[in-house]
Amino acid sequence: MQFDILTLFPDQVRAMLDASILQRAQTAGLITIKTHDLRPFGLGPHQTVDDTPYGGGKGMVLKPDVVVPAIKKIAQTGAKPRIILLTPQGERFSQAKAEQLAQEERLLLVAGHYEGFDERIRAYVDEELSLGDFVLTGGELAAAVVVDAVARLV
């Protein structure tokens, strides 16, 4: 099974997933975990990835004209992935959901940061998942939890 994780912090994700049982599973060829840095898809000389929310409000959201091309580029190689947005508004992640996802050939997990995603990004994903009713610094921890739970079932 292949896991792709789109994130602003690929090194943070790799540190969590390149150890213990997950490292052994990767070495044995049972799973593949690829991290994809969102920053190179950023716009302009500073590779900007975020903007103020279109409808107003506090904080910054990830831009659709950055995230959507990144999703499309990652998805075009290999098996068609199930694309999952990690967001507090998503379906609550559970063991039953992990078992369902373990049947997929490939997952593309999109980890958010800042205040979240521009709403237009939601049209390009298959589903949204949440770990629960609490706030994390970003979706990287949530992505690691999903990979860990699903990979253990492979």
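**Figure 1. Q47 lies in a loop of this predicted model****.** Q47 is partly exposed, at a relative accessible area of 31%. (Buried means under 20% relative accessible area, exposed over 50%, and partly exposed in between, with a 1.4 Å probe and protein chains only.) The loop runs between strands β2 (32–37) and β3 (50–51). Helices (H or I, at least four residues) and strands (E, at least two) are DSSP runs, numbered from the N terminus. Q47 is not a glycine, yet its phi is positive, about 50 degrees. Most residues other than glycine have a negative phi.

Residues are numbered from 1 along each chain as its sequence is written. In this predicted model, local features need pLDDT of at least 70 and side-chain atom pairs count only at pLDDT 80 or more, while totals for chains, interfaces and linings use all residues; side-chain values use heavy atoms, leaving out hydrogens and water.

**Figure 2. S20 belongs to helix α2****.** This helix covers residues 20–27. S20 counts as exposed, with 52% relative accessibility. S20 has a positive phi too, about 55 degrees, and is not a glycine.

**Figure 3. D65 sits in helix α3****.** The helix covers residues 64–75. D65 has a relative accessible area of 40%, so it is partly exposed. F41 is 24 residues away along the chain. The C-alpha atoms of D65 and F41 are 8.8 Å apart.

**Figure 4. Strand β7 is covered on both faces****.** The strand spans residues 127–130. E127 and L129 are on one side. E128 and S130 are on the other. All of these residues are buried. In a regular strand the side chains alternate between the two faces of the sheet.

**Figure 5. Strands β5 and β7 run parallel****.** Strand β5 covers residues 82–92. Five bridges join β5 to β7. (Two strands pair if DSSP finds at least two bridges between them.) R92 has S130 in β7 as its bridge partner.

**Figure 6. The protein chain has five helices and seven strands****.** Along the sequence, the pattern is β-α-α-β-β-β-α-β-α-β-β-α. The radius of gyration is 15 Å, close to the 15 Å of the globule rule for 154 residues, so the chain is as compact as a globular protein of that length. (This radius is taken over C-alpha atoms; the rule is 2.2 Å times the number of residues to the power 0.38.) Buried residues make up 49% of the 154 residues.
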